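Dear colleague,

Please find below the structure that I am handing over to you, followed by an account of what was found in it.

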Amino acid sequence: MPVEGKGNTYALIIGVAKYLDTDISQLQFANRDAAIFADFLMSVPGGSVPKENIKLLTDHDATKAEVETAIITLKNKCSKDDKVFFYFSGHGALENETIFKDGYLICYNTPAVAFKNLGLSIDWLNKMASTIALEKNATVIIITDACHSGRMAQGEFKGSSIVGQQLMETKQKEIRIASCTPMQSSIEKEEWGGGRGVFSYYLVNGLRGGLADRNNNGSVTLGELKAYLDTAMSNDQVLKNENDIQTAVIDGKDNFILSTVVPAEAAKIKQAVAEDSASIARLISEINAVEAEGPEDPEEFFFSLLKKENLETLTEKLQLDSLAAEAIAFNVINEFASRGLTQTQIIKLKTLESKLKEDPEELKMFNLKLSIRVNDRGADVIRQYLKGSDEEMERRSYYNAEKNGYEIYPKLFTVALKLAQGDEYGANSAAIF
């Protein structure tokens, strides 16, 4: 069954990983994702689109002028029953000056602080898509994989918001496929196909590899692709292991045919996916094993445990403020060793304990590091208090209560001061509070 459409197919495919403005975080695989999608369209499953009908712009070639010119050229070239693909992988941004929160795709030369003027307007792109669909009676397929993993010069870079918020207007002859919902990020990692965005990885595997052909009839429809992406991305091992969630958003006619299944090619891709899955499973197992045991160095292992600890609770439980300076570290070490650790982890703590007991200078340096961490915790609370953060404002409402939680912080600073003895800077820092 051929890919749907009687006319010609044209495509503008954009992938920007490297940006001219260094204030925009650089991506890793957006350019590669774009090139792979172009290869899919030229393959038999993608409709054997002639190379001359595909405009691929990556990195420095994807300037605003080049992108806008290519879109206008597409509009003028296509006619009735044609299909037009617009694929973008890269950053996006959302302006916050108006109630409309207009979205922009970030081209190679778009500056961080002026993306409204030099970014690709989503509103304009929507109008061009509607013009092509209505005036030319062509089908427009818009696929956006926009990531908000970086920061702009003036605050957080909210790239993926534009995808779900402004590109999902359903039109009769328009299909829109977005990499994630408005509040999610588009994630890319080396684990997927040697370096891909997770959306791109499953999108192309579902279409070119026929993995989305749920009824095994030799073609992949939009509805089947949606079901496949929902399942594949929600069950992805890497996303699960890192507690990430990414959900593709799709609008359009469910029965629209996007690709055909070529058995030989599908078999190759299925084999590659199986190998990727096995490799990822091994990698995750190794990472989890290493993380479970913690750092090899005994001192680094101790501070990795301390990082997860509530220092207020620990100070209260062990009454650290009442102990002599030289006893504080050993009490904390013994507290950690008394918990459900592995034998290897306990040995690390006992090794650290012996090292500190044998060398007074080592103990002095260790205590100073411990002092800094205890002092920083108390200082953080004071900063939140002075800034009037939501959490601290909540506490303020209980000022007249018998116990509001603040009585622990003088104890924290007492501990920090004791641990910093002999170090003028550390003692002064703790004494300030």
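Phe199 has a relative accessibility of 0% and therefore counts as buried, a term that means under 20% relative accessible area, with exposed meaning over 50% and partly exposed in between (1.4 Å probe, protein chains only). The model is a predicted one, in which local features need pLDDT of at least 70 and side-chain atom pairs count only at pLDDT 80 or more, while totals for chains, interfaces and linings use all residues. Residues are numbered from 1 along each chain as its sequence is written, and side-chain values use heavy atoms, with hydrogens and water left out.

Phe199 belongs to helix α6 (residues 198-208); helices (H or I, at least four residues) and strands (E, at least two) are DSSP runs, numbered from the N terminus. Leaving aside neighbours within four places in sequence, Phe199 is in contact with Ile143, Thr144, Asp145, Ile177, Ala178, Ser179, Leu229, Met233, Gln246 and Ala248, where contact means heavy atoms within 4.5 Å. Ala248 lies 49 residues from Phe199 along the chain, and the C-alpha atoms of the two are separated by 7.4 Å.

Tyr228, in helix α7 (residues 222-234), also counts as buried, because its relative accessibility is 13%. Not counting residues up to four places away in sequence, Tyr228 touches Tyr202, Asn205, Gly206, Leu211 and Ala212.

For the protein chain as a whole, the secondary structure comes to 17 helices and 14 strands. Of its 433 residues, 48% count as buried. Among contacts between residues at least 6 apart in sequence, 71% join residues at least 24 apart.

I turn next to helix packing. Two packed helices are described by the angle between their axes and the distance between the axes. Here the axes are lines fitted to C-alpha atoms, for helices over the stretch in contact, and angles run from 0 to 180 degrees between N-to-C directions.

Helix α10 (residues 298-307) packs with helix α12 (residues 325-337) at an angle of about 80°, their axes being 11 Å apart. That makes α10 roughly perpendicular to α12, since angles of 65 to 115 degrees count as roughly perpendicular, under 35 as roughly parallel, over 145 as roughly antiparallel and the rest as oblique. Phe302, Leu305 and Leu306 of α10 make the contact with Val332, Ile333 and Phe336 of α12. By class, this contact of α10 with α12 has 6 nonpolar, no polar and no charged residues; Ala, Val, Leu, Ile, Met, Phe, Trp, Tyr, Cys and Pro count as nonpolar, Asp, Glu, Lys and Arg as charged, and the others, Gly among them, as polar.

α11 and α12 pack at an angle of about 105°, with their axes 11 Å apart, and are therefore roughly perpendicular to each other. Leu314, Lys317 and Leu318 of α11 meet Asn331, Val332 and Glu335 of α12. The residues of this contact of α11 with α12 divide into 3 nonpolar, 1 polar and 2 charged.

The axes of helix α11 (residues 311-318) and helix α16 (residues 408-419) come within 10 Å and cross at roughly 80°. On the α11 side the contact involves Leu311, Glu312, Thr315 and Glu316, and on the α16 side Ile408, Tyr409, Lys411, Leu412 and Val415. By class, the contact of α11 with α16 has 5 nonpolar, 1 polar and 3 charged residues.

The structure holds 9 aromatic pairs. In one of them, the ring centres of Phe37 and Phe40 are 5.6 Å apart and the planes are at 50°, so the pair is tilted. Rings of Phe, Tyr and Trp (its six-membered ring) pair if their centres lie within 6.5 Å; planes under 30 degrees apart count as stacked, over 60 as edge-to-face and the rest as tilted. Phe37 and Phe40 both lie in helix α1 (residues 30-42), 3 residues apart, about one turn of the helix, and both are buried. Phe37, Phe40, Phe85 and Tyr87 form one aromatic cluster.

Two charges are also placed over rings, meaning that NZ of Lys or CZ of Arg is within 6 Å of the ring centre and within 35 degrees of the ring normal. Lys348 lies over the face of Phe301, at 5.0 Å from the ring centre, and Arg373 lies over the face of Phe303, at 4.2 Å from the ring centre.

With kind regards
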